[in-house]
Amino acid sequence: MKKVAVIGSGTMGNGIAHVFAQNGFAVSLVDISEEALQKAMGTISKNLDRIIAKGNLSEEQKQQTLGNITTFTNMQEGVSDADLVVEAATENVDLKLKIFRDLDSFTKPEAILASNTSSISITKIASITNRPTQVIGMHFMNPVPVMKLVEVIRGYSTTDEVTQQIMELSKQLGKVPAEANDYPGFVANRILMPMINEAIYSLYEGVAGVEEIDTIMRLGMAHPMGPLQLADFIGLDVCLSILNVLHDGFGNPKYAPCPLLVNMVQAGHKGVKSGQGFYSWTHGTKELVVADRFRK
């Protein structure tokens, strides 16, 4: 496996492209927007500079990494000779199904098609292709260059051979793969999202404030950040979408999103990406400032 195509150049897509390119793969980074592609390349360059500053990469290796990435606005051109395609588009089921229909037509028959989805059924995605045995989930964590985990999700038809290939490939990238079967939320979000939702309910019901909830979970449970801060980083709209997938998939009221989360997303308060969530992010992300609405 030498050639990899990544669909989508946002936060996850550029991170995935970065990691493959730094490990010597020829990467096609595909996005419909040339502006987004140029922004992605700038982000990858800055992230490589951070690695250089820590003494873990040379300037020559940075240039080699950047040279391993070719950008495309035409999907068919970008994926035609790929051995593996990793889709990292927006977490929208209709969009992903359309992308995979196109990928099934545009890629060579033996190519493996992977999705970075954090919640959408791999089996459902695979079902609209003519190669369901070669469709799999590669759920990278954000930020991709730093986080070690890749949650590898087997669809109902994914073969042992394809699963093993992706497990080994993840190790080649310096990652730690963990295999999961295809049920709503897989493992990571099936456990994480109810915790975040419960933290939001604790705020909604007046049990404690934003800072107190996050402090208790950070210091008491040794989490690197509290659940409300983490929700802001993930994106409250993404959290809501995943909770809806869990709620619809299991039909269990314990996954029903908190009304406060629903209202915040409807109001456009989506966390870091919008500048407002449980915290205010208009000043940047280095300092935690509780959003005005939630200050005591």
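Figure 1. Strands β6 and β7 pair in the antiparallel sense over five bridges; two strands count as paired if DSSP finds at least two bridges between them. Helices (H or I, at least four residues) and strands (E, at least two) are DSSP runs, numbered from the N terminus. The model is predicted: local features need pLDDT of at least 70 and side-chain atom pairs count only at pLDDT 80 or more, while totals for chains, interfaces and linings use all residues. Residues are numbered from 1 along each chain as its sequence is written, and side-chain values use heavy atoms, with hydrogens and water left out. On β8, β7 pairs in the parallel sense over six bridges. Ile-153 stands opposite Ala-180 in β8. Strand β7 covers residues 149-154, and five of its six residues are buried, so the strand is largely enclosed by the rest of the structure. Buried means under 20% relative accessible area, exposed over 50%, and partly exposed in between (1.4 Å probe, protein chains only).

Figure 2. Eight strands form an open sheet of mixed pairing, in the order β3-β2-β1-β4-β5-β6-β7-β8. Strands β3 (69-72) and β8 (176-181) are the edges, each pairing on one side only. Neighbouring strands of the sheet are turned by 25 degrees against each other on average, direction ignored. Axes are lines fitted to C-alpha atoms, for helices over the stretch in contact, and angles run from 0 to 180 degrees between N-to-C directions. Strands β1 (residues 3-7) and β4 (residues 84-87) pair in the parallel sense over four bridges, and Val-6 stands opposite Val-86 in β4. Helix α1 (residues 11-22) packs on the sheet, where it touches β1, β2 (26-30), β3, β4 and β6 (135-140). The direction of α1 makes about 170 degrees with that of β2. Contact means heavy atoms within 4.5 Å. Helix α5 (residues 93-106) lies across β1, β4, β5 (112-115) and β6, and runs at about 165 degrees to β5.

**Figure 3. Surroundings of Val-135.** Val-135 is in strand β6 and counts as buried at 1% relative accessibility. Leaving aside residues up to four places away in sequence, Val-135 touches Phe-100, Leu-113, Ile-122, Ile-125, Ala-126, Thr-129, Gly-155 and Thr-158. Val-135 and Asp-83 are 52 residues apart in sequence, and their C-alpha atoms are 12 Å apart in space.

**Figure 4. Packing of helices α2 and α3.** Helix α2 (residues 34-53) packs against helix α3 (residues 59-67) at an angle of about 155 degrees, with the axes 10 Å apart. The two helices are therefore roughly antiparallel, the term for angles over 145 degrees; under 35 is roughly parallel, 65 to 115 roughly perpendicular and the rest oblique. Their crossing is right-handed. A crossing is right-handed if the near helix is turned clockwise from the far one by less than a right angle, and left-handed if anticlockwise. Met-41, Ile-44, Ser-45, Leu-48, Asp-49 and Ile-52 in α2 meet Glu-59, Lys-62, Thr-65 and Leu-66 in α3. The residues of this contact divide into five nonpolar, two polar and three charged. Ala, Val, Leu, Ile, Met, Phe, Trp, Tyr, Cys and Pro count as nonpolar, Asp, Glu, Lys and Arg as charged, and the others, Gly among them, as polar.

**Figure 5. Packing of helices α8 and α11.** The axes of α8 (residues 188-204) and α11 (residues 236-250) come within 10 Å and cross at roughly 115 degrees. That makes α8 roughly perpendicular to α11. The crossing of α8 and α11 is left-handed. Asn-189, Arg-190, Met-193, Pro-194, Ile-196 and Asn-197 of α8 make the contact with Cys-239, Ile-242, Leu-243, Leu-246 and Phe-250 of α11. By class, the contact has eight nonpolar, two polar and one charged residues.

Figure 6. Most residues other than glycine have a negative phi, and most peptide bonds are trans. A cis peptide bond joins Asn-142 and Pro-143, with omega about 0 degrees; Pro-143 is in the loop between β6 and β7. Phe-186, in the loop between β8 and α8, has a positive phi near 55 degrees. Phe-186 is buried, at 4% relative accessible area. Ala-222, in the loop between α9 (210-220) and α10 (227-234), has a positive phi of about 60 degrees. Ala-222 is exposed, at 67% relative accessible area.
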